[in-house]
Amino acid sequence: MGSRRAWLSVTALGIALIGLAASVASLIDFLGASPTFCSEAGCATVRESAWSHPLGIPMPVLGIAYFSAALAACFVRAPRLRRALALAAAVWAIALIAVQAVAIGAWCKLCLIADPAAIGYAIAVLAGAGTLQLSAARGTAAASALAAAIAGLALWTGAEPPAPALPSSDAPSSDLPVFVQAAQVPGVTTVVEVADFECPFCRRLQTELTTALAQARVPVRVVRKMLPLPGHHHAMPAALAYCCADAQGKGDAMAEALFAAPPDALTPEGCEQLAAGVGCDLDRYRRDLTAAKARVASEMAEVRAAGVHALPTLFIGDQRVEGAAASADELTALIHRAAPGPVPSSVR
């Protein structure tokens, strides 16, 4: 085997190992109660989108299957099959990158390793990567390299998001988005919640926020801005339902009902049933749908323009909280620190 071909063969093997490591790490995050590798909000958004489960199969399972086959192909003489498999996977990887950019609007670190790895593997194969001779030493080296790659990914991506920082002063921040500044009311702590009622991480943080609101001993109001993600098929009907209920003064009750309902129940019909359950006038509810669509479109535009792309996102006073890692006690502390007046000593 020539030096160039040998170099391409080893390169293809290394790329396949990296892609397999990223896919294994992704599957661990999919199956775990909390993410081990990719805990950022963008990773969570991609992981929980409908695009991450084609035909009900977690995407990392497909990645593991492909990169395992690509790894085996490095030692098996089947050049035509290998080229066809590599080319198909590269096209699929490009499509997945486009889905993150356009449909989901968020990025996962592990996906941005696995997808380019599929493309890089295809380039190496099409450029002439040959077949390596399998031996016990090479098998052991490949297994060790896979373990090292997974460990490296854990070090790179595994840090938990930092707890929300407590504000050091009561002065409002000029860096706050305009829609957050406009929501502030004198004498009240304002919580601005950017909401997707189907998002599992928004639901998780909502549980903590509900507890924090109950614990707070200062006046608090919640203002919600709609950001239904394209990958959550029931998020838009839920957002419209919230706006219709909010127009009737039932916004808080409707938000509670939407977050509590199973995601599959957030169909237009299901949302209407929830609206009836919180006391909405259904005739007015249906008439308000057109106005609700305009409101959702306007709020999505202003939230995106302000640079909010990851969910969940809260603004408490002048502090931004991203991700679902904040506890109820941390959120309560932020509410008290943002209070415009004195906080009772029992809760300081």
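1. Surface. The protein exposes about 16400 Å². Carbon and sulfur atoms supply 62% of that area. Keep in mind that this is a predicted model.

2. Overall build. The protein contains 14 helices and 4 strands. Its C-alpha trace spans about 75 × 50 × 30 Å along the principal axes. Of the 348 residues, 47% are buried. Now take the contacts with a sequence separation of 6 or more: 77% of them come from residues 24 or more positions apart.

3. Charge. How many positive and negative side chains does the protein have? There are 25 positive and 26 negative ones. The centres of the two sets lie 11 Å apart.

4. Is I57 buried or partly exposed? Its relative accessibility is 33%, so I57 counts as partly exposed.

5. Salt bridges in general. Side chains of opposite charge can pair when their charged atoms come close. Searching the whole structure gives 9 salt bridges.

6. R224 and E193. These two side chains form a salt bridge, with 3.3 Å from N to O. The pair links distant parts of the chain. R224 belongs to strand β2 (residues 220-226), while E193 belongs to strand β1 (residues 189-195). They are 31 residues apart. Both R224 and E193 are buried.

7. E302 and K225. How accessible are the partners? E302 has 28% relative accessibility and therefore counts as partly exposed. K225 has 15%, which is under the 20% cut-off, so K225 counts as buried.

8. D288 and R284. Here the side chains meet in a salt bridge of 3.3 Å, N to O. D288 has a relative accessibility of 18% and so counts as buried. R284, at 33%, counts as partly exposed. Elsewhere, salt bridges with shared partners join E193, R224 and D252 into one network.

9. A buried charge with no bridge. R203 is part of helix α8 (residues 200-215). It is buried, yet R203 has no salt bridge. Which side chain of opposite charge is nearest to R203? That is D196, 7.1 Å away. A salt bridge needs the nitrogen and the carboxyl oxygen within 4 Å. Leaving out residues up to four places away in sequence, R203 touches F197, E198, L258, F259, A260, A261, P262, P263 and L266.

10. T190. This residue is in strand β1. Its relative accessibility is 0%, so T190 counts as buried. What does T190 touch, beyond residues up to four places away in sequence? The list is A183, Q184, V185, R221, V223, F315, I316 and G317.

11. C244. You will find C244 in helix α9 (residues 235-247). At 1% relative accessibility, C244 counts as buried. Apart from its neighbours within four places in sequence, C244 is in contact with Y285, D288, L289 and A292. D288 in that list is also the salt-bridge partner of R284. Now compare positions along the chain: C244 and A257 are 13 residues apart, and their C-alpha atoms are separated by 14 Å.

12. G279. This glycine lies in the loop between α11 (268-277) and α12 (282-287). Is G279 buried or partly exposed? With a relative accessible area of 45%, G279 is partly exposed. G279 and M254 are 25 residues apart along the chain. Their C-alpha atoms are separated by 9.4 Å.

Key:
Residues numbered from 1 in each chain as written. Predicted model: local features only at pLDDT ≥ 70, side-chain atom pairs only at ≥ 80, totals over all residues. Heavy atoms only, no water. Helix = DSSP H or I, 4+ residues; strand = E, 2+ residues; numbered from the N terminus. Buried < 20%, exposed > 50% of the residue type's maximum accessible area, 1.4 Å probe, protein only. Contact = heavy atoms within 4.5 Å. Areas by Shrake-Rupley, 256 points an atom, 1.4 Å probe, with all protein chains shown as cover. Lys, Arg positive; Asp, Glu negative; His and termini not counted. Charge placed at Lys NZ, Arg CZ, Asp CG, Glu CD.
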